[in-house]
Amino acid sequence: MSDTGSPVPTSEPAAPPRRRRCCLWAAAGGALLVLAFAGYGVYAYRAMLSPAPLEFSPFRYRPLERSLLTAKFEFLELPSRLLTGGDAPVELVLNERELNALLFGDAGHSEATEKARVLIQPGDRLLFEYSRPAEEGASPRYLNVRALLGVALGPGVARIELHEASIGSYSLGPFARSLVARRLQEAFAEQYRKDARLRRVRALSIESGRVRLTYQPEGG
């Protein structure tokens with residue numbers, strides 16, 4: 001007795017021409033989208049790299065400058081130590097160079113590795129500038145960062161607020177800016193942990209091109 005049922009189809013029926021065209025357009029659109037993102041990524045990467053570093057020199061102490069800055073701290077602490085045993089905070093006003101000495105004096109920066117500085121801006125902002133080599137060769141490229149910051153510093157507090165940022169000629173949007181803000185916050189927190197003078201700061205304000213610190217003397 002033979003099987004008289006219908007034969008089992010061996011392949012799917014061909015898609016209608018209109019459906020095939022839609023699939024082709026969708027595939028092409030997806031490919032173009034991937035290429036666009038890849039192209040934008042290449043553009044952004046190239047825009048972030050600069051042919052020269054930022055035009056400032058790594059911080060280096062001048063002769064006796066480290067001793068004079070230390071003496072400034074100690075001299076302002078003296079009345080508090082004599083009158084209150086070091087319990088009373090004192091006020092310390094730093095100019096721009098003294099602030100950079102406090103932040104970067106012991107960082108060991110150089111043109112060959114990395115360098116950074118802060119510039120006091122109108123209002124209560126600091127402009128942070130950072131530069132390091134990114135590509136070597138006959139035409140070296142540099143990663144140059146500029147970031148407009150607000151700083152909160154106090155007992156157990158070392159916080160940075162990032163208002164604007166750019167890398168090279170590329171201005172960062174909200175997502176990229178949040179990544180830079182996180183990295184700056186980590187670096188600032190690390191510096192805060194290392195530097196006993198920063199940990200003794202009770203308050204910080206920026207006024208008239210100077211930084212005013214309320215500072216707890218050592219041992220107070």
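Student: Which residues does leucine 184 touch, not counting residues up to four places away in sequence?

Tutor: This is a predicted model, in which local features need pLDDT of at least 70 and side-chain atom pairs count only at pLDDT 80 or more, while totals for chains, interfaces and linings use all residues. Residues are numbered from 1 along each chain as its sequence is written, and side-chain values use heavy atoms, with hydrogens and water left out. Contact means heavy atoms within 4.5 Å. With that exclusion, leucine 184 touches Phe128, Ala147, Leu149, Ile160 and Leu162.

Student: Which residues touch the most other members of the largest nonpolar core?

Tutor: A nonpolar core is a set of buried Ala, Val, Leu, Ile, Met, Phe, Trp, Tyr and Cys residues joined through side-chain atoms within 4.5 Å. Buried means under 20% relative accessible area, exposed over 50%, and partly exposed in between (1.4 Å probe, protein chains only). The largest core here has 43 residues, and Phe128, Leu162 and Leu184 touch the most other members.

Student: Is isoleucine 206 buried or exposed?

Tutor: Isoleucine 206 has a relative accessible area of 12%, so it is buried. It is found in strand S8 (residues 201–207); strands (E, at least two residues) and helices (H or I, at least four) are DSSP runs, numbered from the N terminus. Beyond four places in sequence, the contacts of isoleucine 206 include Ile120, Gly123, Leu126 and Val211. Leucine 126 is 80 residues from isoleucine 206 in sequence, with a C-alpha to C-alpha separation of 8.6 Å.

Student: How many salt bridges are there by this rule?

Tutor: Side chains of opposite charge can pair when their charged atoms come close. The rule asks for a side-chain nitrogen of Lys or Arg within 4 Å of a carboxyl oxygen of Asp or Glu, and the count comes to 10 salt bridges. One of them joins arginine 97 and glutamate 65, at 2.6 Å from N to O. That pair links distant parts of the chain, 32 residues apart: arginine 97 is in helix H3 (residues 96–104) and glutamate 65 in helix H2 (residues 65–84).

Student: Which residue forms a salt bridge with arginine 117?

Tutor: Glutamate 129 does, with the closest N and O atoms 2.8 Å apart. Arginine 117 lies in strand S3 (residues 115–120) and glutamate 129 in strand S4 (residues 126–135), so the pair ties together parts 12 residues apart in sequence. Arginine 117 is partly exposed at 25% relative accessible area, whereas glutamate 129 is buried at 5%.
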